[in-house]
Amino acid sequence: MDRTLAFISIGAVTLILSGYAMPQWAVFLTTVSLCYGTVVLGMILLVRTGLVSFGHGLYFCLGAYAAGTLKPFFGLSELVFMLIAAILVTTITSFALGFLLRKYRDIFFAMLSLAFSMILYGLLSKSTELGSTDGFNVTAETAFGIALSELEYGRYLIFVITVGTSWLCCTLLHLYLLSNKGKLAEAIRDNELRVEYLGASVNNIIHINYVISAVLAGLGGALMSISIGHIDPEMSYWTTSGEFVFITIMSGSSSVIAPFLGAAVFTSIRSFAYEYSPDTWQLLLGVTMLVIIVFLPEGLWSLFSKIKKKGSP
Amino acid sequence: MISFLAILIDGLIYSSWLFIIAAGLTLIYGVMKILNIAHGSLYALGAYTAASLSGLWLSMGFAPIGSFVIMLLSAILVGIILGPIIERGLLRFMYGRDEIVLVLVTYALFLILEDVIKLIWGVNPYYLYQPYALLGSFEILGLTYPNYNFLLLGSAVFTGLSLTWFLQKTQQGKILIAVIHDSEIAAAQGINVEKFYLITFTLGATLAALGGVLTAPMISVQPGIGAETIVLAFAVVVVGGLGSLPGAALAALVIGLVRAGTVHIIPELDLFSVYLVMATVLIFRPKGLFSSQEERKI
């Protein structure tokens, strides 16, 4: 069996088992890390294709709002439906926008995706039915038909579902990256023209990868909204997308485990810095990012791969 | 008629504001190929510095009209102190890296400067309303506008014209154009490219700070103004075509008028309209309105 897959599965089981004994704050931090990790999972797929999106907050936010609006508009508050809604909405939107975005590269791709996410921000922050800039509260009342009302047990179940979803996304993406289509991503980054000459359609692959990354961002957003219980348009603001890019660079794109490591480091730095010096946490993040760009251009994950290479030359 | 006029005037004022901020950003991109997110922080720093220094000037009882001089000095102060520090201390080690990496470097810088601002000025808003009221106001068809807006308009026109003059009529400007076209060949001709990077970045930083300084009397200066502004400046610069000064001017005009029109007719779509323009232009002209042709890389 694949070592990465084994590692992911062992990690997921460990998290589920230890989640029962973990203090509330640790469960919360892990949940947030997993949600961010799922979003960044999609971002590394794009980075492998040679694209950096400065507007993935769009799908993070869309996923969260798709999950959140099920209750007020359709009277549904089943967690599974919320996740399905997020997948549907992000798939349709990214499929449509993909026709445009797949023609863009480099900074123009980044800027057009930024424009789309800010359009959503502009719309949501002025829509009074959806709570304008304040957003609204989201509650999942049942999961697989089981009532979540009993607080402690319910929270744990949401945690288990979050771990499960992240595990599934991570596994599927890993398998995709190993498939022929998945391997073409890096070929596109290196030289598009040659990929075309080899008989593959660059546009199609970019389109597919874009939709996958959007769905992952949407799932991350939906899970986040359910765990935190609140959503607001800030999720689509450019600083949120910036955070995703930040974690992506911090993690590196060489492994599907890297995003979760990066997200965990990011959330920990943010939470602890926020706790101990609320006025300098961004400063700390900025310095961390510069240090990583200068000393670890391949991301945190390269620390592990370097050690591995030394072990088996 | 009156609302048409109002849209036109509001649009022009807003365009002027947009242009002042976008000019520095597009200049830096044109020369150094850096899309500088920290431009937003320099803008905010300009606003804070002006609010503090002019506030100090006014509270010491000096002639209120002098606060305009202090405002101008604040912009220059921020530009010539921070510009070289950032360029020499950080950016010069990054030249030659991927454009996206450079964006991230300036994003990190943005995060750092945001907190530096909070450390210096705290999180409470600052107000500098005196200069806004000082110049009186004028009335046109029953609409009243503070004369301060002329200052904004004048500064934008002055910025645009003097930059164009510098680039096209002076020797240094022409050398700069050579650097823009091909920095390697320029260096081979004996041009000190690094010096021009330093000058450009300092100039760009000063323009960002000037934008902030001129805005300070019109808003409450508080955390978050940098983040809000930089993304608008991005819209202008990208719509105009990265690195193009006339492009930025035209884009500022278009976006300014569209936003003013939207605010008057459908106020709910205020911000939405700006980014809709950005997306629409990018869809039809992927590299912006004034873009230079680029050879295809094989």
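Start on helix α7 of chain B and select B:Gln171 and B:His181. These two exposed residues sit on the face of α7(B) turned away from its buried side. This is a predicted model, so treat every stop on the tour as a feature of a prediction.

**Stop 1**

Keep the helix selected; α7(B) covers residues 171–181. Why do they lie on the same side of the helix? They cover an arc of only 100° around the axis, which puts them on the same side of α7(B). Colour the two sets separately. B:Gln171 and B:His181 are on the face turned away from the buried side.

**Stop 2: chain B as a whole**

Zoom out and show chain B as a cartoon. Chain B has twelve helices and two strands. Trace the chain from the N terminus: the elements run α-α-α-α-α-β-β-α-α-α-α-α-α-α. The radius of gyration of chain B is 19 Å, close to the 19 Å that the globule rule gives for 298 residues, so chain B is as compact as a globular protein of that length. Along the principal axes, the C-alpha atoms of chain B fill a box of roughly 60 × 45 × 35 Å. Of the 298 residues in chain B, 49% are buried. Look also at how the chain folds back on itself. Take the contacts in chain B between residues at least 6 apart in sequence: 77% of them join residues at least 24 apart.

**Stop 3: the hairpin in chain B**

Strand β1(B) is residues 137–140 and strand β2(B) is residues 143–146. The two strands run antiparallel, and four bridges join them. Which residue stands opposite B:Phe138? Select B:Tyr145 in β2(B) and you have it. Next, pick B:Ser137; its bridge partner in β2(B) is B:Pro146. Then move to the turn. β1(B) and β2(B) form a hairpin with two residues between them. B:Leu141 is in that turn and has a positive phi of about 50°.

**Stop 4: a loop residue in chain B**

Select B:Lys33. B:Lys33 is found in the loop between α1 (2–32) and α2 (39–59) of chain B. Phi of B:Lys33 is near 60°, a positive value in a residue other than glycine. Is B:Lys33 buried or partly exposed? With 16 C-beta neighbours inside 10 Å, B:Lys33 counts as partly exposed.

**Stop 5: chain A as a whole**

Switch to chain A. There are 14 helices and four strands in chain A. The radius of gyration of chain A is 19 Å, close to the 20 Å that the globule rule gives for 313 residues, so chain A is as compact as a globular protein of that length. The box filled by the C-alpha atoms of chain A is roughly 55 × 45 × 45 Å along the principal axes. Buried residues account for 47% of the 313 in chain A. Among contacts in chain A between residues at least 6 apart in sequence, 78% join residues at least 24 apart.

**Stop 6**

Select A:Asp106. A:Asp106 lies in helix α6 (residues 106–126) of chain A. Phi of A:Asp106 is near 45°, which is positive in a residue other than glycine. A:Asp106 counts as partly exposed, with 13 C-beta neighbours inside 10 Å.

Now go to A:Leu168, in helix α7 (residues 151–178) of chain A. A:Leu168 has 14 other C-beta atoms within 10 Å and is partly exposed. Draw a distance from A:Leu168 to A:Glu141. Their C-alpha atoms are separated by 23 Å, and the two residues are 27 apart along the chain.

**Stop 7: where the chains touch**

Show both chains. The contact takes 34 residues from chain B and 35 residues from chain A. On the chain B side, select α4 (99–121), α10 (225–240) and α12 (270–284), the elements that give two or more residues. The largest share of this side, 15 residues, comes from α4(B). Colour the chain B side by class: 27 residues are nonpolar, none are polar and seven are charged.

**Stop 8: the largest nonpolar core**

Finish with the largest nonpolar core, which has 196 residues. Select A:Ala67, A:Ala115, B:Ala22, B:Ala235, B:Val236 and B:Met278; these touch the most other members. The largest share of this core, 15 residues, comes from α1(B). Centre the view on B:Ala235. Leaving aside residues up to four places away in sequence, B:Ala235 touches B:Ile255, B:Val274, B:Tyr275 and B:Met278.

Methods: Residues are numbered from 1 along each chain as its sequence is written. Chains are lettered from A and ligands numbered from 1 in the order in which they are written. This is a predicted model: local features need pLDDT of at least 70, side-chain atom pairs count only at pLDDT 80 or more; totals for chains, interfaces and linings use all residues. Two residues are in contact if their C-beta atoms, placed from the backbone, lie within 7 Å. Ala, Val, Leu, Ile, Met, Phe, Trp, Tyr, Cys and Pro count as nonpolar, Asp, Glu, Lys and Arg as charged, and the others, Gly among them, as polar. A residue is buried if 20 or more other C-beta atoms lie within 10 Å of its own, exposed if 12 or fewer, and partly exposed in between; C-beta atoms are placed from the backbone. The arc is that of the directions from the helix axis to the C-beta atoms. The radius of gyration is taken over C-alpha atoms; the globule rule is 2.2 Å times the number of residues to the power 0.38. A nonpolar core is a set of buried Ala, Val, Leu, Ile, Met, Phe, Trp, Tyr and Cys residues joined through C-beta atoms within 7 Å. Two strands pair if DSSP finds at least two bridges between them.
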